[in-house]
Amino acid sequence: MTLLILLLLLLQNPQPEIRIPDLERQIHESVNAQRKANEREPFEWDDTLENLARAHSEDMATRGYFKHVNPEGLTPMKRLQQAGYNKCRLVGENIYQNNLYSRAITERKRTTYDWNSMEKIAATTIKGWMDSSDHRQNILEKNYTREGIGVAVAPDDKVYITQVLCGETSGETN
């Protein structure tokens, strides 16, 4: 048993470096791959939406909540308006809570982690959204044209992901 524990400790994958801007772009590219697979135009990347999405993720990570509406009662549309961003007639938001590791094993007061790579965090986020009808509908909505993805990592290793979607026109979802 001791040999097995020692072996697990030696084989533990090291904690990967999570580069927030790279992870955000990776999720963006994965979202656009889903749109392409469903005969939709790709989303344009919007730096302002990215900053607003990241601010919401950071707020959730810092204050420990997981909701579209922040504790002050601001909806995604209200947060955009408060920031002076008035380009959207149609606004959507997807949020997802992921983790830096998929499991932790504690043995004799020592904890080892099965760390998630950026690729796995991006893939499980997209899978979670696409497996949910409401999130999938947001991703595939043809009237959304731009997006921003924002990621924040909380002190407890939870990863908060926010996708803010914007469309200039509103219409039926197909």
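Q: How many disulfides does the count come to?
A: The count comes to 1 disulfide, taking a disulfide as a pair of cysteine sulfur atoms within 2.5 Å. This is a predicted model, where local features need pLDDT of at least 70, side-chain atom pairs count only at pLDDT 80 or more, and totals for chains, interfaces and linings use all residues. Residues are numbered from 1 along each chain as its sequence is written, and side-chain values use heavy atoms, with hydrogens and water left out.

Q: Which cysteines form the disulfide?
A: Cys88 and Cys166, with their sulfur atoms 2.0 Å apart. The link is left-handed, at -115 degrees about the S-S bond.

Q: Where do the two sit in the chain?
A: Cys88 is in the loop between helix H4 (76-82) and strand S2 (90-99), and Cys166 is in strand S6. They are 78 residues apart, so the pair links distant parts of the chain. Helices (H or I, at least four residues) and strands (E, at least two) are DSSP runs, numbered from the N terminus.

Q: Are Cys88 and Cys166 buried or exposed?
A: Both are buried. Buried means under 20% relative accessible area, exposed over 50%, and partly exposed in between, with a 1.4 Å probe and protein chains only.

Q: Now the core. Which residues touch the most other members of the largest nonpolar core?
A: Ile18, Leu23, Ile27, Val31, Trp129, Val151 and Ile161, out of 24 residues. A nonpolar core is a set of buried Ala, Val, Leu, Ile, Met, Phe, Trp, Tyr and Cys residues joined through side-chain atoms within 4.5 Å.

Q: Which elements give two or more residues to this core?
A: Helices H2 (20-37), H5 (118-130) and H6 (133-140), plus strands S5 (146-153) and S6 (158-167). H5 gives the largest share, 6 residues.

Q: What does Trp129 touch?
A: Leaving out residues up to four places away in sequence, its contacts (heavy atoms within 4.5 Å) include Ile27, Val31, Tyr96, His135 and Ile161.
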